[in-house]
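Here's a quick briefing to read with the model open beside you. Have a look at the fold before moving on to the notes.

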Amino acid sequence: MNDAQPAQPAQPDRPSIGFNDLLRFLLEIFAIVTLGIFGFTQFALPWPGILVGIGAPLAAIVLWGLFRSPKAVFAVDPFVKALVEIAVFSAAALAWWFMGQPIVAILLAVVAAVSGIVNGRREFSA
């Protein structure tokens with residue numbers, strides 16, 4: 001008798017997605033939406049409200065896509081990635097502060113900072 005198991009097809013390596021990865025994705029979406037809300041609510045409509053309401057989130061998306069995303073266009077040093085991340089999340093936290101929501105601003109800043117530190121430690125250890 002042949003006790004050998006049939007060969008399993010090779011499975012491609014899938015990146016593991018952890019809690020912090022999901023949190024970082026949600027923080028990014030929250031920051032982008034925040035910048036849009038800020039532009040439309042804090043500036044006179046139609047101009048400059050529409051310009052800031054669309055331009056600020058678009059600028060954050062472009063920065064993130066060029067330098068910070070997992071499939072970023074430019075391969076940069078982790079410190080540059082951190083600077084882009086700090087810029088986007090700080091802008092969103094400041095937007096909440098200027099909209100009169102300091103608790104949301106502080107919570108966003110703290111959660112983004114802790115998540116960024118955890119991610120940075122992982123990037124440097126890899």
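Predicted model: local features only at pLDDT ≥ 70, side-chain atom pairs only at ≥ 80, totals over all residues.

Helix α1 covers residues 19-42, and its buried residues pack against α2, α3 and α4.

**Helix α1**
- The buried set in α1 includes Leu 27, Ala 31, Ile 32, Leu 35 and Phe 38.
- An α-helix has 3.6 residues a turn, so residues three or four places apart point the same way.
- The partners that the buried residues of α1 pack against are α2 (49-68), α3 (78-98) and α4 (102-125).

**Aromatic pairs**
- The count of aromatic pairs comes to 4.
- One of them is Phe 30 with Trp 96, a stacked pair at 5.9 Å centre to centre with 10 degrees between the planes.
- That pair ties together distant parts of the chain, with Phe 30 in helix α1 and Trp 96 in helix α3, 66 residues apart.
- Phe 30 has a relative accessible area of 36%, so it's partly exposed.
- Trp 96 counts as buried because its relative accessibility is 14%, under the 20% cut-off.
- Phe 67 and Phe 74 make another stacked pair, at 5.6 Å centre to centre and 25 degrees between the planes.
- Phe 74 counts as partly exposed, since its relative accessibility is 43%.

Conventions
Residues numbered from 1 in each chain as written. Heavy atoms only, no water. Helix = DSSP H or I, 4+ residues; strand = E, 2+ residues; numbered from the N terminus. Expected span 1.5 Å × (residues − 1). Buried < 20%, exposed > 50% of the residue type's maximum accessible area, 1.4 Å probe, protein only. Contact = heavy atoms within 4.5 Å. Phe/Tyr/Trp six-rings, centres within 6.5 Å; stacked < 30°, edge-to-face > 60°.
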